[in-house]
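Dear colleague,

Please find the structure below, together with its sequence. My notes on what was found in it follow directly after.

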Amino acid sequence: MAFDGIFTGVLVNELKTAVDSHIDKIYQPSNSEICLILRKKGFVKRLMISVKNGMARVHFTEMKPENPEKPPMFCMLLRKYFSSARLTDVSQKGFERIVEFTFEATNELGDRIKRKIVCELIGNMGNVVLLSEDGKIIDALRRTDICAERIIMSGAVYKYPIPQEKYDIFSTDTAVIVDKISSLGETLLSKAVLDTVGGVSPIICREIIFLSKLSDVPVCEISEFSSLKNELEKLKALLCSAPVPFMLIKNGVPFDFSYLPILQYNNLCENKEFETFGQLLDAFYLQREKNAAKNRITGDVSKYVQTLISRAEKRLSARKNELLSCEKREILRIKGELIKANISNICSGAKEITVKNFYDENLSDIKIMLDPSLSPQNNAQKYFKEYKKKSIAASTLLDLIEKDNAEIDYLSSVFDNLSRCETLSDLREIKNELYLSGYIKRTESKKQKAPTSAFKELRSAEGFKIIVGKNNIQNDLITTKLSGKNDMWFHTKNVHGSHVVVFSGGEALSDETIVFAAKLAAKNSRAQNSSNVPVDYTKIKYVKKPSGAKPGMVIYTNNKTVFVTPEGENL
């Protein structure tokens, strides 16, 4: 992750625009997040401070996080000491990921004093510490007294984390930095840069090496470092001028971010430029927050559905193997017929017989094993019984295999729906679907009404209503109950996904609406991160639900296909 010391410094420069604003409101959306509304003439910004594991950051945000009805104690403490306080400075401690907000506030006697909010954005050790004017800790989001040299408790004197001993790229001559790197012998070049230059992350180290056209090999194997020196000079010049926020996108998913375009991945990733670093972090962490929230909401249910799919697949595999053993059942009937045809030539108590196989065009010899305790007639009947048993088993197995395939297909659609589940209401509706399908027991009261979540509803360019199903129950309801026979139905071809219906009433759809609805279907499917996705569309009257089919399962005819790439924030 490129939230390194230099990125923190670049971000601080953006946050300095809030100097002279005052705190209007203070919220604490979660145990690891603080939200401050900063206001001054012509300026209103929401400052997000997060110390979530793997997502520690501080930036201006346009997102509006939900707040608990009852504010936590730390939030109440913040309001007591910092309400209406004026921001006088935003600074960074060296090249560390530590951001200090200095405020001018009023104490109990009405005197104006200085207080600080220190944001430590250090990996899994992130913290928010409130400091009084004398540098003592008022309180902290995360208290600790494990380390005697650095106690984070109310009343203790605040001490900064021990800094790393690295060179400052701004104040140190580049030649000195390169000399230090070149002296690190067996150390890989990327590690040498990381250990020498202050405030750079691994991805930036690799980018510097890539731009230098050097290989990431032990330093002792490199004879010329002039290109590395040039790239470090360019980095310094960029940081002194105007760094630009870039997000790295891989397969349509945010992958990393930086203050310069990342080129080391060639065509595997694309760089998306943003106007501000706050917008960049909003876009990047919004997706992470969604994924984290989705995992929290659907975790246990997703694991259970995966287990059901795994069991069904193992059962299917066993039945297919058993069916293979039944495929040679015809030879059992042939052996029975050959015993009957040669019954007069079989001696009582014989253990085997070799006869001409008149079912073979070459009349080849065939050896037939016999049970010496049975008569020739009973030996023939034994083969006929085994043949009948295998035939019945084959017929039964074919039916069971078809049901297993249908079950795996259905459970896979449920798992796909879970991947797009965003709220507890969405999850409860899917759990209700699993209950109705007999996969889970209902935990709520029987008298409790079945849960429902709102449809995803949009409008086409012509003003037609478009509804997207969130799960199989909604898919059935949209397709079989709510829509008219001349409305247009969309679904990804041979890929699990939502039913999308354009309520056009039979009116012709423009190409723009067809593409928009098809993109909706692709975006709300397992192919959401793919390109050139085939989407079928047809009128509702050509979409049928077979009797006894699982929720969301339909067949359709008279369809056309359009190929789309599911991109765009409005999908």
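Leu78 has a relative accessibility of 0% and therefore counts as buried, since the cut-off for that class is under 20%. Please keep in mind that this is a predicted model. Leu78 is found in helix α2, which covers residues 73-82. Leaving aside residues up to four places away in sequence, Leu78 touches Ile26, Ile34, Ser83, Ile117 and Leu130.

Helix α3 is formed by residues 174-182, and its axis comes within 9 Å of the axis of α4. How are α3 and α4 oriented to each other? The two axes cross at roughly 130 degrees. Angles of 65 to 115 degrees count as roughly perpendicular and those over 145 as roughly antiparallel, and α3 and α4 are therefore oblique to each other. Their crossing is right-handed. On the side of α3, the contact is made by Ile177, Lys180 and Ile181, and on the side of α4 by Leu189, Ala192, Val193 and Thr196. By class, the residues of this contact between α3 and α4 are five nonpolar, one polar and one charged.

Helix α4 (residues 189-196) also packs against helix α5 (residues 202-211), with the axes 9 Å apart and an angle of about 120 degrees between them. α4 and α5 are therefore oblique to each other as well. Here too, α4 passes α5 in a right-handed crossing. Which residues make the contact? From α4 they are Leu189, Ser190, Val193 and Leu194, and from α5 they are Pro202, Cys205, Arg206 and Ile209. The contact of α4 with α5 comprises six nonpolar residues, one polar residue and one charged residue.

Leu363 has a phi near 50 degrees, which is a positive value in a residue other than glycine. Leu363 belongs to the loop between β13 (352-356) and β14 (365-369). With a relative accessibility of 46%, Leu363 counts as partly exposed. Asn558 is not a glycine either, yet its phi is positive, at about 55 degrees. The loop that holds Asn558 lies between β21 (555-556) and β22 (560-564). Is Asn558 buried or exposed? Its relative accessible area is 54%, so Asn558 is exposed, the cut-off being over 50%.

Finally, some values for the whole chain. The secondary structure of the protein chain consists of twelve helices and 22 strands. Of the 571 residues in the protein chain, 45% are buried. Among the contacts with a separation of 6 or more, 57% join residues 24 or more positions apart. The radius of gyration of the protein chain is 35 Å, whereas a compact globule of 571 residues would have one near 25 Å. Taken along the principal axes, the C-alpha atoms fill a box of roughly 120 × 65 × 50 Å.

With kind regards

Conventions:
Residues are numbered from 1 along each chain as its sequence is written. This is a predicted model: local features need pLDDT of at least 70, side-chain atom pairs count only at pLDDT 80 or more; totals for chains, interfaces and linings use all residues. Side-chain values use heavy atoms; hydrogens and water are left out. Axes are lines fitted to C-alpha atoms, for helices over the stretch in contact, and angles run from 0 to 180 degrees between N-to-C directions. Helices (H or I, at least four residues) and strands (E, at least two) are DSSP runs, numbered from the N terminus. Angles under 35 degrees count as roughly parallel, over 145 as roughly antiparallel, 65 to 115 as roughly perpendicular and the rest as oblique. A crossing is left-handed if the near helix is turned anticlockwise from the far one by less than a right angle, and right-handed if clockwise. Contact means heavy atoms within 4.5 Å. Ala, Val, Leu, Ile, Met, Phe, Trp, Tyr, Cys and Pro count as nonpolar, Asp, Glu, Lys and Arg as charged, and the others, Gly among them, as polar. Buried means under 20% relative accessible area, exposed over 50%, partly exposed in between (1.4 Å probe, protein chains only). The radius of gyration is taken over C-alpha atoms; the globule rule is 2.2 Å times the number of residues to the power 0.38.
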